[in-house]
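Please open the structure in a viewer and keep the sequence at hand.

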Amino acid sequence: SSMDEDQIVKTILKIRKGACIPAHIFYSKAIASALVANNVKMVLVVRDLRDSLMSHISYLESMDVTHPHRKFYEEFHTIDQKLDAYLSGTKDFPSWQAMTQNYRGWYSFPGVFVVRYEEIMSQKDIYIRSKVVQDLSIYLGTGEVDTEYLLKKMINKKGLTYNKPTVGKWKLTLTNEQIQKLNSKLSDELIFWGYSIDW
């Protein structure tokens, strides 16, 4: 989020019952306290850091020309340069692993419903996808839902930031050397978030 902590807290305290607000918010005690104070239910979507990094790079290349990283990103021309910039960080933005650490507090925060991106987007197991949707509706207290309808509507291809959702794209698009570099640099975070460094 581009807002500072005080603005985020004020916004959270104004959230009305029934509202749904997607956001990327780093963990802080003040923000967590505001969520509890306003009885906000929080859903944390966790994704394999390797896929999220590849998605971010694709997003900068083809969609968001106004993103703060864009002007620095244009210095990097090859995928190796781009990976190195994000894995090591630059003077203008932190490394991918350092940025991800800012979300760690939400992972174990009481009352947070954790969803794995791979469970809701994988086309391999409709049972897992259906169960996640059902469990989420119970958590949110929405009553019975038409799971089949929701699963069809989960992907909004008309969204301005739509980037075809994929699982494991990094395995298909990167070389073994690049994957080893990702796994080495991101190993602590991958393990923390419950992902294997094997492929």
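**A ring pair as the starting point**

Select Tyr103 to begin: with a relative accessible area of 17%, this residue is buried, because the cut-off for that class is under 20%. The model in view is a predicted one.

The structure holds ten aromatic pairs. In the pair formed by Phe26 and Tyr103, the ring centres lie 5.0 Å apart and the planes stand at 75°, so the arrangement is edge-to-face. Distant parts of the chain are linked by this pair: Phe26 sits in the loop between α1 and α2, whereas Tyr103 sits in the loop between α6 (96–101) and α7, 77 residues apart.

Next, select Tyr27, Trp106 and Phe109, which ring pairs link into a cluster.

**Helices α1 and α2**

Display residues 5–13, helix α1, together with residues 29–37, helix α2. How far apart are the axes of the two helices, and at what angle do the helices pack? The axes are 9 Å apart and the angle is about 10°; α1 and α2 are therefore roughly parallel to each other.

To see the contact itself, select Glu5, Ile8, Val9, Ile12 and Leu13 in α1; they meet Ala30, Ile31, Ala34, Leu35 and Ala37 in α2. Sorted by class, this contact has nine nonpolar residues, one charged residue and no polar ones.

**The two sides of α2**

Stay with α2 and colour Ile31, Ala32, Ala34 and Leu35, which are buried. Viewed down the axis of α2, the buried residues fall within an arc of 160°, so they line one face of the helix. An α-helix has 3.6 residues a turn, so residues three or four places apart point the same way.

What covers the buried residues of α2? The cover includes α1 and α7 (104–107). Following α2 comes Asn39, with a positive phi near 55°.

**The whole chain**

Finally, zoom out to the protein chain, which has twelve helices and two strands. Traced from the N terminus, its elements run α-α-β-α-α-α-α-α-β-α-α-α-α-α. Of the 199 residues in the chain, 37% are buried. Among contacts between residues at least 6 apart in sequence, 64% join residues at least 24 apart.

Terms used. Residues are numbered from 1 along each chain as its sequence is written. This is a predicted model: local features need pLDDT of at least 70, side-chain atom pairs count only at pLDDT 80 or more; totals for chains, interfaces and linings use all residues. Side-chain values use heavy atoms; hydrogens and water are left out. Axes are lines fitted to C-alpha atoms, for helices over the stretch in contact, and angles run from 0 to 180 degrees between N-to-C directions. Helices (H or I, at least four residues) and strands (E, at least two) are DSSP runs, numbered from the N terminus. Angles under 35 degrees count as roughly parallel, over 145 as roughly antiparallel, 65 to 115 as roughly perpendicular and the rest as oblique. Contact means heavy atoms within 4.5 Å. Ala, Val, Leu, Ile, Met, Phe, Trp, Tyr, Cys and Pro count as nonpolar, Asp, Glu, Lys and Arg as charged, and the others, Gly among them, as polar. Buried means under 20% relative accessible area, exposed over 50%, partly exposed in between (1.4 Å probe, protein chains only). The arc is that of the directions from the helix axis to the C-beta atoms. Rings of Phe, Tyr and Trp (its six-membered ring) pair if their centres lie within 6.5 Å; planes under 30 degrees apart count as stacked, over 60 as edge-to-face and the rest as tilted.
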